[in-house]
Amino acid sequence: MSNIFCEVSKYVMIVLFALYTYECFAVFRRKHTKEQQNIIFYRQNVWMFALHLDAYLVLLDQTKNWGIILFYGIQVIFFISVIVNYKVLYKNASKLLVNNMCMLLAIGFIILTRLSVERAFKQFGIAVAAMFLALVVPFMIKKIRFIRKMTWFYAVIGLVALGVVAIAGAVSYGAKLSFTIGGITLQPSEFVKIIFVFFVAGMLHKSTEFKQVVITTIIAAAHVIILVLSKDLGGALIFFIVYLVMLYVATAKPLYFLGGLASGSVAAVIAYAFFSHVQVRVMAWQDPLSVIDNEGYQICQSLFAIGTGGWFGVGLNQGMPNKIPVVEQDFVFSAISEELGGIFALCLIMVCMSCFLMFINIAMQLKDGFYKLVALGLGTTYGFQVFLTIGGVIKFIPSTGVTLPLVSYGGSSLLSTIIIFAIIQGFYILKESEGKRNEKQKTGKQTGISTKTGKIR
Amino acid sequence: MKNKKPENKQESVQKPEKSVRNREFAVITYCFIGLFLCLMGYFVYFQIEKSEEFINNSYNSRQETFAEQIIRGEIHSADGEILAKTETDSEGNETRVYPYGNMFSHIVGYSTKQYGQSGVESWANFNLLRSNAFFLEKTVDDLTNQKSIGDNVITTLNYDLQSIAYQSLGEYDGAVIVMEPATGKILASVSKPDFNPNTVEANWEAIVADKEGESALLNRATQGLYPPGSTFKIITALAYIQQNPTDYTAYTYSCTGSIQKNESKLNCFSGEVHGNVNLETSFSESCNTSFANIGLNMNLKDFTQTGEALLFNQPLPVSKLEVSKSRFSLDKNASISEIMETSIGQGKTLVTPLHMLMITSAIANDGLLMEPYVIDHTENYEGAAVKTYEPVSYGELMTIEEAQVLQSYMQKVVEEGTGSKLKGMSYQAAGKTGSAEYGTNKGDSHAWFVGYAHRDDKEDIAIAVIVEGAGIGSAHAVPIAKSIFDMYYRY
């Protein structure tokens, strides 16, 4: 009996997630009124809670661990309070972003509960704490206007934090990028990502003259080099791309972007020639099966999982995702693809894409140049990280060892991503309330941009 | 139109600075949408095209868990014989049974708990352990806690051809492999010495210890590397034709039974004297001295290239089958004797029977090589097709004109040359014999035959035969090929 339930649930979950994903994009249709949009967002919540319930019923049925039901109940309360709180505290918040954040967290909780209940608990605890923090962020953005003034402070803090890890972290963890204080393991690069974006935005918003660009580039390069030295290739790549994107948008000079890409490629070739750990990754990417005993082991296990799962998955708790080393972190996507199916995994990519599009959409609607750049930078950070992690585990690109934001296990990653979402929400709320004020003034002039790009909440 | 343009310009001038700056945002957005689409595209590509290679990998431990819920499916020949099945006794113990014992030992392989799988059992492991039985039935199995019945794998193998090939090879070591040039279907594949898959698990230690040095587990048809002997003259002739496309027919040579250049000397087989020969008669008579002469007059780089175009020194394009890489090279430092030896298929050149078969098939198929395959389709235990494997074309190994010249040469071998035992049958055969010397004893040789046969009412078939240490090809390999052709064209 339990087998049938598991089997049927597999398809039910795919359908629910597909519906959810469809509405992520359907909501962008121009003809929708605000009321219609709100109905769609409400429906998305229904799909999400149904999927979440079904998944936990399967997990309960498979593990017979009744404690899971309690855990499930607490999660439901958590999600409801997140959704309600945003609604009450920030009337103008983007509901799509809130929904996507909850959906991704829910998928993360489901797969982590399946992989390791203990880690799922931990992850949940961090999510709750992070959400409290995040609720304050939009408020702070509205009130504290001097965040744009602390440009050099960001650079110093960022470089020091990365430097400390490069030196102290290297001793104890090798290529790992964290250090432990009082039992809490921190991965500073996750947070430096955020302040790095603030730094670059501050610099380039002030001026885009050549001298300013050179100075900014030097500081940005310093970040990247420290990360390369501490062997965090994924991190280095994210900082690099984020900087190029921000530089290009701030200066509107494609040459900067292309030149940057070219020099980055040269640097990559040099890195390949000199660093054996780079060669290993490339080798494991080119033909993992030929080096399956060593370098290719992890990626092969990941591809076994994805391949065996096929389009519909083998069902929650039916596969062997724990065969993949660090499956809860960098390879969580493979576990999802194996057990919940390839269609589910494709939907997951699309939900991540929907988040990214929403970030950029908000950036485009903002009027303040500094906020615009910050939103763009954070959006790029998010989008590129998703690309790196999923591309790595499906062998589209060499694996760089980064996490899937909001889904992967890992406190620093979870906390920093929730903060990123909150900052963007803060900007959106700011813009929305400004827009309302303008409407009230009724100057007869059109506000131009908001009509052009279409407002989406 | 013309009136509108200036208006547009004015508009863009008047627009606030921000809309200009949003253009960059749009560029970035499209770049990232592109990245995400590539990501999804690759994921889809992986699932459709690449995933099977990974699923079936023997390192994929997920396969084992399926065995707990599924009774391993059967393996059938294309003509309906059961080649492997699982029997369950009253206590629920499962035994894998191979009704034809040693006959299919390498190609169908074995499936054991302790030592894994080989052959079709290994390549189709995943398919055999999946059940596409009717949904309701699986539900009932599930409710009653019974195992479902796995899917069956239908091979391209033909029982009659496998059986006659197995018998004809007799007590000799060696290999016989047969395929359909137009599709790449492997119809028979025999390798000896063999083993009994029914008892392989019990006898494992003895088989692996291999006290007599016979490597019984090795599939000689696909992995055995042999000197090609005179069958290699196909490649030498093709290289000469490619290097002299207009006047290769004008080639003449006067065979005196031996050829000497500097210190190096080479004889025709058993000192025979062929007299005046052209390219065609050199081929059909298998004149060693003439081919040594051809080799000495060729551009060696182009010769090597011809070999590589025929898939020497690279992995063969076959899915599933485990194959060895054939070896052939001649560079400018090659000695005179090395060039002469290599041109007649001795020297350092090594080839697998499957590879010679693929070259022969391409010739029979007007130059186009079809990738060999052995799994035709899978079906659920009631016979409803699940997945069908279509023939895959690899591409042209040579032009149609070149293939047709070689066809006529190979027909001549049967009409007037070393393959005359195949003359005057209901089918039109063509081929090339070989006697590949090995080891240090002069005269010890493997008997080779590669060829194909045609009759209007049936698909052509191609064959490669190697009989280890039997002697000359025309006497020992050709009769085996004949018995298989006779069987295939018996009605």
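In which helix of chain A does A:Phe257 lie? In this predicted model, A:Phe257 belongs to helix H10 of chain A, a helix that covers residues 254-274.

**Chain A as a whole**

- The secondary structure of chain A consists of 17 helices and two strands, and its C-alpha atoms fill a box of roughly 65 × 60 × 40 Å when the box is taken along the principal axes.
- A compact globule of 457 residues would have a radius of gyration near 23 Å, and because chain A has 22 Å, its value agrees with that expectation.
- Of the 457 residues in chain A, 51% are buried, and among the contacts in this chain with a separation of 6 or more, 71% are made by residues 24 or more positions apart.

**Chain B as a whole**

- Chain B contains 18 helices and 21 strands, and the box filled by its C-alpha atoms, again along the principal axes, is roughly 95 × 85 × 45 Å.
- Chain B has 491 residues, of which 49% count as buried, while residues 24 or more positions apart account for 66% of its contacts with a separation of 6 or more.
- The chain is divided into domain 1, which is residues 1-55, and domain 2, which is made up of 223-374 + 390-488; the C-alpha centres of domain 1 of chain B and domain 2 of chain B lie 57 Å apart.

**Where the chains touch**

- The contact between the chains takes 40 residues from chain A and 30 residues from chain B.
- On the side of chain B that touches chain A, at least two residues come from each of helix H2 (17-55), helix H3 (62-66) and helix H6 (135-143), and the largest share, 20 residues, is supplied by H2(B).
- Sorted by class, this side of chain B has 15 nonpolar, 10 polar and five charged residues.

**The largest nonpolar core**

- The largest nonpolar core has 274 residues, and those with the most contacts inside it are A:Met246, A:Phe359, A:Ala375, A:Ile424, B:Ile177, B:Val178 and B:Val465.
- Helix H14 of chain A, residues 342-365, gives the largest share of this core, with 19 residues, and domain 1 and domain 2 of chain B each contribute at least three residues to it.
- Leaving aside residues up to four places away in sequence, B:Val178 touches several residues, including B:Leu161, B:Ala165, B:Leu187 and B:Ile461.

**Strand S8 of chain B**

- Strand S2 of chain B, residues 75-76, runs parallel to S8(B) and is joined to it by two bridges, with B:Val153 as the bridge partner of B:Ile75.
- Strand S16 of chain B, residues 375-379, pairs with S8(B) in the antiparallel sense over four bridges, and B:Ile375 in S16(B) stands opposite B:Thr155.

**Back to A:Phe257**

- A:Phe257 is partly exposed because 19 other C-beta atoms lie within 10 Å, whereas a residue counts as buried if there are 20 or more.
- Not counting residues up to four places away in sequence, A:Phe257 touches A:Leu244 and A:Tyr248.
- The C-alpha atoms of A:Phe257 and A:Val245 are separated by 6.9 Å, and these two residues are 12 residues apart along the chain.

Terms used
Residues are numbered from 1 along each chain as its sequence is written. Chains are lettered from A and ligands numbered from 1 in the order in which they are written. This is a predicted model: local features need pLDDT of at least 70, side-chain atom pairs count only at pLDDT 80 or more; totals for chains, interfaces and linings use all residues. A residue is buried if 20 or more other C-beta atoms lie within 10 Å of its own, exposed if 12 or fewer, and partly exposed in between; C-beta atoms are placed from the backbone. Two residues are in contact if their C-beta atoms, placed from the backbone, lie within 7 Å. Ala, Val, Leu, Ile, Met, Phe, Trp, Tyr, Cys and Pro count as nonpolar, Asp, Glu, Lys and Arg as charged, and the others, Gly among them, as polar. Domain bounds come from an automatic or database domain assignment. The radius of gyration is taken over C-alpha atoms; the globule rule is 2.2 Å times the number of residues to the power 0.38. A nonpolar core is a set of buried Ala, Val, Leu, Ile, Met, Phe, Trp, Tyr and Cys residues joined through C-beta atoms within 7 Å. Two strands pair if DSSP finds at least two bridges between them.
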